[in-house]
Amino acid sequence: MSQLRAFTMPKWGIEMLEGTISEWNVNVGESVVKGQVIAQIETDKIVNEVEVEYDTRFVRLIAEPGQAYPVGALLAVTSSDAVGDEEIDAFVRAFVPAGGAEIETFAPAGTAPAAANAPAAANATVATIRQSPPIPPGTLISPAARELALRLSVDVASIDGQGRRGRITLQDVDQAAKPLRSVGGGGPVAIEPTGAALDAFYASPYAKRFAVKHSVDLATLTGTGPRGRISRQDVAAAAGISVVPARGAAYEVLRMSPTRKAIARQLTLSKSTIPHFYLRMSANVDALLALRAKLKRAEGSAPSMNDYFIRAVALALIAAPDVNVQVHGDQIHRFRDADISVAVAADKGLITPVIRAAQTKSVRAISAELRAVIERARAGKLRADEIEGGSFTVSNLGMFGVDQFDAIINPPQGAILAIGAARLRPVERGGGLGVAQVANFSLSCDHRGIDGAVGATFLQELTTLIEAPQRL
């Protein structure tokens, strides 16, 4: 007997409950080698390429691309040896929990797709096995439907299969086994139209229906429409109802991706349960811009302003550790390292890769690590451990020309910093007035774990570091 093995939905991280098959990279009957990419699976947070862990051959693909499956669900069946459909069907049936829904599978072109079900009547007690009508050879019926038909003595010849290519499914047999119900009763229903009297009035069909609904006599109305036609607005005015003319709106319905749904859940939870307060401060970035320009002239390249900001945030968190926290119910977790989550816009939504212990890394090291992680994020190749566990978040929209904004806290973190664009603004210099490049910073804090004075201390330290960039 061939050794069949199950390929199931993996679990990446404690919070993962389900995943979606974005794409299969193998076909039924295809042999694969260890380390080969076989599928792309999308979770609430990431899209991962899944590599096979052993040499094998995929004998059946069960999961359908675009559909979500719970952790541990059977996605495919593999075998290193040749194997028949009946053996695979038996393996799949044994794997699916009792009472589970029918699973449609992909099969090679020209063959009937196999299906596997647990019996829908798993809890029913059958005292005796009755003589069942024989099932003609070649009948297109799923194994579970065949089993149920034999158990309930259902004649499958009378069933019109509703499955793919007319296949008889478990639901078809279950429905055929139920007794017929009588429908109807009572006297005949009159279908003669009751609004014939309205035909004498020159009114729009909508106006006539509106008049009947609101008991308005059209004989009392004078139409204001073209050639004296009675319009809906005329009827509404007589009934004392305000009607806004309907306008057709062209729009496109977009289905939320798992990532977008996760963002929606998290931000709704954050805004509705966390008492936000906001502190705002601005910093003169002339010295930082000059330092970066000098480095670029000397070496040909330099880290971005955002890289410098992340380094400054990391050092400010170490100087003000009461901001470097997570809030878990009635407990506050204060972190020794500045594990900074950086908000990155990806195709599927906002993600937040984490720069671990950022206070121990140079600006160039932060820049290189951030570039690499952003490339993986936008390619959908981030690992779960690269986006979980941050102690603080930085969100910079300055590159989009946004002057200032307030960000929503990423729970369970205690704070998030929003960074705006640097603009030329008037500043005080030595008792006179000058101009300088000034950037705005907004700190959103969770008041359950962070007080105003604590947040203000962090912002003071941050602006000091930015305005004296040699310390970075």
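Helix axes are lines fitted to C-alpha atoms over the stretch in contact, and angles run from 0 to 180 degrees between N-to-C directions. Helices (H or I, at least four residues) and strands (E, at least two) are DSSP runs, numbered from the N terminus. The structure is a predicted model, in which local features need pLDDT of at least 70 and side-chain atom pairs count only at pLDDT 80 or more, whereas totals for chains, interfaces and linings use all residues. Residues are numbered from 1 along each chain as its sequence is written, and side-chain values use heavy atoms, with hydrogens and water left out.

**Helix packing**

| Helix pair | Angle | Axis distance |
|---|---|---|
| H7 (residues 286-299) and H8 (residues 305-319) | about 120° | 11 Å |
| H8 and H10 (residues 452-467) | roughly 135° | within 9 Å |

H8 is therefore oblique to H10, and H7 and H8 are likewise oblique to each other; angles under 35 degrees count as roughly parallel, over 145 as roughly antiparallel, 65 to 115 as roughly perpendicular and the rest as oblique. The crossing of H8 with H10 is right-handed, as is that of H7 with H8; right-handed denotes a near helix turned clockwise from the far one by less than a right angle.

Contact means heavy atoms within 4.5 Å. From H7, Leu288, Leu289, Arg292 and Leu295 meet Met305, Tyr308 and Phe309 of H8. These residues comprise six nonpolar, no polar and one charged. Towards H10, H8 contributes Phe309, Ala312, Val313, Leu315, Ala316, Leu317 and Ala319, which face Phe458, Glu461, Leu462, Leu465 and Ile466. Here the division is 11 nonpolar, no polar and one charged. Ala, Val, Leu, Ile, Met, Phe, Trp, Tyr, Cys and Pro count as nonpolar, Asp, Glu, Lys and Arg as charged, and the others as polar.

**Strand pairing**

Two strands pair if DSSP finds at least two bridges between them. An open sheet of four strands is ordered E1-E8-E6-E3 with antiparallel pairing. Its edge strands, E1 (4-8) and E3 (31-32), each pair on one side only. Five bridges link E1 to E8 (residues 74-79), and Ala6 has Val77 of E8 as its bridge partner. Helix H1 (residues 85-95) lies across E1, E6 (56-61) and E8, at about 50° to E1.

Strand E20 (residues 432-446) has 11 of its 15 residues buried, that is, under 20% relative accessible area with a 1.4 Å probe and protein chains only. E20 pairs antiparallel with E11 (residues 276-284) over nine bridges, where Ser282 stands opposite Asn440. E19 (residues 415-429) is joined to E20 by 13 antiparallel bridges, and Leu424 stands opposite Gln437. In the hairpin of E19 and E20, with two residues between the strands, Gly430 takes a positive phi near 55°.

How values were computed. Buried means under 20% relative accessible area, exposed over 50%, partly exposed in between (1.4 Å probe, protein chains only).
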